[in-house]
Amino acid sequence: EEMMGSLILCYKKKAKQPYEITRIHRKIYTIEELCYYLCNNLYLIDYTIMNEQLCDWLEEELSLTELAQNLRQSLKQHGSVEQFVVTILAYASIYTTTELRRIQNVLEQLKNQKEIERKKYKADNLLESGAVKPAILIYQSIIHGAHDDSVDGKFYGRVYGCLGAAYGKIFLYEEAAKMYEAAFQICEEESMRRAYLYCCKKSMSSEKYAKLLEKKEIYQLVDQELRNEIEELKKQSRPILSEEMLGEWKEQYRRLGTGEI
């Protein structure tokens, strides 16, 4: 998600020699480009960004001596990566106080997360900002990658739930149903079963869906609840948008993932 809403170009100086972010082989020429990189890759930031070379580059190429000195002080005192990044962003004066606070909150959340949790966080943010397909690719890479036993047991279930929500947003209800089913098997959250049946209803023929309902009594009860909700929405003359319902479930899974529920 872009965080450059209030960008004001304050610095005209462009480096003759760029600074290279080695892990992605990206060359940066201005303080604005550095801030842009940091803000849009918060989930990738680690101790490797804290180094003397960056301080030297800021001083020698951009003449930002005061900033370079502040960062060197932070290095000497073994300051946190989060504070190092915020020092750069605050000095550049291209973000509002609200935006800086938001960035700090994100960094705080990421601080204690494992690499796999950071990946999910990145995908959640992409999904929230409407970048559905890139989010799906990241969720899939988590599901199909090496299994991390150190995360909470329901972590993968939540990833399946997010994948279900993502597929639902682009109307791939059959795929969404499969993901929600996998999510329910791991987490056993009632909302996941509801989402599973809803997506089955959207993707199956009436006959096939009726046969599915016959398999379990709980399916029939949940289906009746869904019907009642739809009837209630009709009475209120509200448009029945599948994306709206799936959006609510997506929000639940996002909150589950960040421990807000």
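1. Cysteines. The closest cysteine sulfur to that of Cys35 is in Cys39, 6.5 Å away, which is too far for a bond. Cys162 has its closest cysteine sulfur in Cys187, at 9.8 Å, again too far for a bond. A disulfide here is a pair of cysteine sulfur atoms within 2.5 Å. The search of the whole structure finds zero disulfides. Cys35 is buried, with a relative accessible area of 0%. Cys162 is buried too, with a value of 2%. Buried means under 20% relative accessible area, exposed means over 50%, and partly exposed lies in between (1.4 Å probe, protein chains only).

2. Basis of the model. This is a predicted model: local features need pLDDT of at least 70, side-chain atom pairs count only at pLDDT 80 or more, and totals for chains, interfaces and linings use all residues. Residues are numbered from 1 along each chain as its sequence is written, and side-chain values use heavy atoms, with hydrogens and water left out.

3. Confidence. pLDDT is the predictor's confidence in each residue, from 0 to 100. The chain averages 85, and 85% of the residues score at least 70. Over residues 1-10 the pLDDT is below 50. In the model, this stretch still has 29 contacts beyond near neighbours in sequence. A contact means heavy atoms within 4.5 Å. Where pLDDT is low, the predicted coordinates should not be read in detail.

4. Overall build. The chain has 13 helices and two strands. Both are DSSP runs numbered from the N terminus: helices are H or I with at least four residues, strands are E with at least two. Of the 261 residues, 45% count as buried. Among contacts with a separation of 6 or more, 56% come from residues 24 or more positions apart. The accessible surface of the chain is about 14300 Å², and carbon and sulfur atoms hold 48% of that surface. The areas come from the Shrake-Rupley method with a 1.4 Å probe; for residues, only the protein chains shown count as cover.

5. Aromatic pairs. Rings of Phe, Tyr and Trp (its six-membered ring) pair if their centres lie within 6.5 Å; planes under 30 degrees apart count as stacked, over 60 as edge-to-face and the rest as tilted. The count comes to four aromatic pairs. One of them is Tyr19 with Trp57, a tilted pair at 5.7 Å centre to centre and 45° between the planes. Tyr19 lies in strand 1 (residues 19-21) and Trp57 in helix 2 (residues 52-60), so the pair ties together parts 38 residues apart in sequence. Tyr19 and Trp57 are both buried.

6. A pair between helices. Tyr196 and Tyr219 have ring centres 6.1 Å apart and planes at 55°, so this pair is tilted. Tyr196 is in helix 10 (residues 190-203) and Tyr219 in helix 12 (residues 217-235). The pair links distant parts of the chain, 23 residues apart. Tyr196 counts as buried at 8% relative accessibility. Tyr219 is buried, with a relative accessible area of 8%.

7. A charge over a ring. Lys14 lies over the face of Tyr29, at 5.2 Å from the ring centre. The rule asks for NZ of Lys or CZ of Arg within 6 Å of the ring centre and within 35 degrees of the ring normal.

8. Leu67. This residue is in helix 3 (residues 65-76). Leu67 is buried, with a relative accessible area of 0%. Leaving out residues up to four places away in sequence, Leu67 touches Ile31, Leu58, Thr87, Ile88 and Tyr91.
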